[in-house]
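Here is a friendly walk through one protein model, written for someone who likes to check atoms and angles. Please keep the viewer open as you read.

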Amino acid sequence: METSDFDFENIYSIFEQSITNNVDKNSYDDFLIAYSGGIDSTALLYFTKKIAIKYNKKIHAIHVNHNLNKDSKIWEKHCIDFCKKNGIKLILKNVNVTLKKGDSIEEKAREARYDSIYEVMSKKTIMMTAHHLEDQSETFLYQLLRGAGAKGLSSMPIVKKLSCGYHIRPFLKFNKKIIENIVNYNKLKFIYDFSNEDINFSRNFIRKNILPIIKKKWPNYADTISRSALILSESNKLNEDLAEIDFKKYMHKEKNKIFLNVKELALYRFNNVIRFWIKENNFRMPTSEQLLSINKNIFYAGDDKTPFFSCGEYEIRRFNNYVEIMKPLTKHDPSKVYIWEFKKNLVISNLSINLSWKNLEDKLGFKVNNNVEVKFRKRGEDIRINNANKSLKDFMRENKIPPWERERILLIYIDQELKAIWN
């Protein structure tokens, strides 16, 4: 959105509409502004205070210090002083970014920042970030060069409904010049992060070295890219709608399981619904290479195989006629014996088990007045069902207990006799 004469009231009106047209006024109580102290978030904080007063809503700013820059404490103090001067409550968060081999410091810092912000939100919070028109172009090119699909290339929406409230980017229709005008017009103080000049960071390289060249040839590139992002956003929504239809057809009883015969879909629809399934279970979207591996090594592995896929964040395993996604299994020693003390809880942290004594008596169907032993499957155990002995291995197979759970199933012993299998 270009403008030769700065029209403050018109700009403010467009900002206001980005909120009122997207979120019902009764759906939120407070605004939370992601505030770095830079020029963009300073303009956002100033505008949001005006609208908070107008609509009688609470307003907070949150500053996340990543402790990555030598000036981070100076920036933090600036944010404290600015908010104090303007009567805005400031929430300070300090995070330490831990990097593993191959991690992007940009991505990890971003994840840590949003995690900190989400922690202080409620379902009636509108959280705002100061992304603008050029940021949208930068994101589009960044995703393009990473080989992203429609979802990544749709870039940033103006409004996004979260489980913890709303995320709105009310400056997405404004170019950088308009934001500079807001700050200059109102004589607002801000800080400058000189790390924005470091072209070793991918986004900085795009901003400093690529976009200026594009602008010389196509002056209105930001508006054009923004339109393309919107079109791709609609295409992605169609993909998700189709994926949801397919998922309802092939979903097992629980959403972390999907029937094996989903592979009967054409490959593009298979990939679409598997992405949806992984996202529904709150895991990171797979790469094209990971999708190929899941298809080939899980869904099309031989019937005599027990296929397994892991990408660190989650695991995918196959059993009988379904495929299951889960967090990586923790280490477990099946030879260990636990004493479940009388009337106390049984806690086995690595298996996420916390059971009460009432849980035990409900499972057994009778009162228990002494400690019990808790063991795990080894080899050769028998159980007695209907006055006949049966191997525990056969019992688990007949009850369709997946192989990866069999050594994690609790075996309850009373007076050295197996009384219950906790499956």
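Lys108 counts as partly exposed, because its relative accessibility is 25%. Bear in mind that this is a predicted model.

What does the side chain of Lys108 meet? The side chains of Lys108 and Glu111 meet in a salt bridge, with 3.6 Å from N to O. Both residues belong to helix H4 (residues 105-119), and they are three residues apart there, so about one helical turn separates them. Glu111 is partly exposed as well, its relative accessible area being 23%. The pair also belongs to a network of salt bridges that links Lys108, Glu111, Arg284 and Glu313.

**Other salt bridges**

Side chains of opposite charge can pair when their charged atoms come close. In this model the count comes to 24 salt bridges. One of them joins Asp40 and Lys176, whose closest N and O atoms are 2.7 Å apart. Asp40 lies in helix H2 (residues 39-55) and Lys176 in helix H7 (residues 176-185), so this pair ties together parts that are 136 residues apart in sequence. Is Asp40 buried or exposed? Asp40 is buried, because its relative accessible area of 16% falls under the 20% limit. Lys176, at 25% relative accessibility, counts as partly exposed.

Another pair sits in helix H13, where Arg397 and Asp394 are three residues apart and thus separated by about one helical turn. Their side chains meet in a salt bridge at 2.9 Å, N to O. Arg397 counts as partly exposed at 43% relative accessibility, and Asp394 is partly exposed with a relative accessible area of 30%.

| Salt bridge | N to O distance |
|---|---|
| Asp40 and Lys176 | 2.7 Å |
| Glu111 and Lys108 | 3.6 Å |
| Arg397 and Asp394 | 2.9 Å |

**Helix H10 and its surroundings**

Now turn to helix H10, which spans residues 267-280 and has 14 residues. From its first C-alpha to its last it reaches 20 Å, close to the 20 Å expected at 1.5 Å a residue. Which residues of H10 are buried? They are Phe270, Asn271, Asn272, Val273, Ile274, Phe276, Trp277 and Ile278.

Where does the side chain of Asn272 reach? It reaches the backbone oxygen of Asn239, at 2.8 Å. Leaving aside neighbours within four places in sequence, Asn272 is in contact with Asn239, Leu242 and Ala243.

After H10 comes Asn282, whose phi is positive, near 65°.

**Positive phi in two loops**

Asn320 has a phi near 50°, a positive value in a residue other than glycine. Asn320 has its place in the loop between S9 and S10, and it is partly exposed, with a relative accessible area of 45%.

Lys400 has a phi near 55°, again a positive value in a residue other than glycine. The loop that holds Lys400 lies between helix H13 (392-398) and helix H14 (403-406). Is Lys400 buried or exposed? At 57% relative accessibility, Lys400 counts as exposed, because the limit for that class is over 50%.

**Strand pairing around S6**

Strand S4 (residues 125-128) pairs with strand S6 (residues 165-168) in the parallel sense, over three bridges. Within this pairing, Met128 stands opposite Ile168 in S6. How many bridges join strand S5 (residues 159-162) to S6? Four bridges do so, and these two strands run antiparallel. Lys161 has Tyr166 in S6 as its bridge partner. S5 and S6 form a hairpin, with two residues between them.

How values were computed
Residues are numbered from 1 along each chain as its sequence is written. This is a predicted model: local features need pLDDT of at least 70, side-chain atom pairs count only at pLDDT 80 or more; totals for chains, interfaces and linings use all residues. Side-chain values use heavy atoms; hydrogens and water are left out. The expected span of a helix is 1.5 Å times one less than its number of residues. Buried means under 20% relative accessible area, exposed over 50%, partly exposed in between (1.4 Å probe, protein chains only). Two strands pair if DSSP finds at least two bridges between them. A polar contact is a pair of N or O atoms within 3.5 Å; within protein, one must be able to donate a hydrogen and the other to accept it, and residues adjacent in sequence count only if both atoms are side-chain atoms. Contact means heavy atoms within 4.5 Å. A salt bridge is a side-chain nitrogen of Lys or Arg within 4 Å of a carboxyl oxygen of Asp or Glu.
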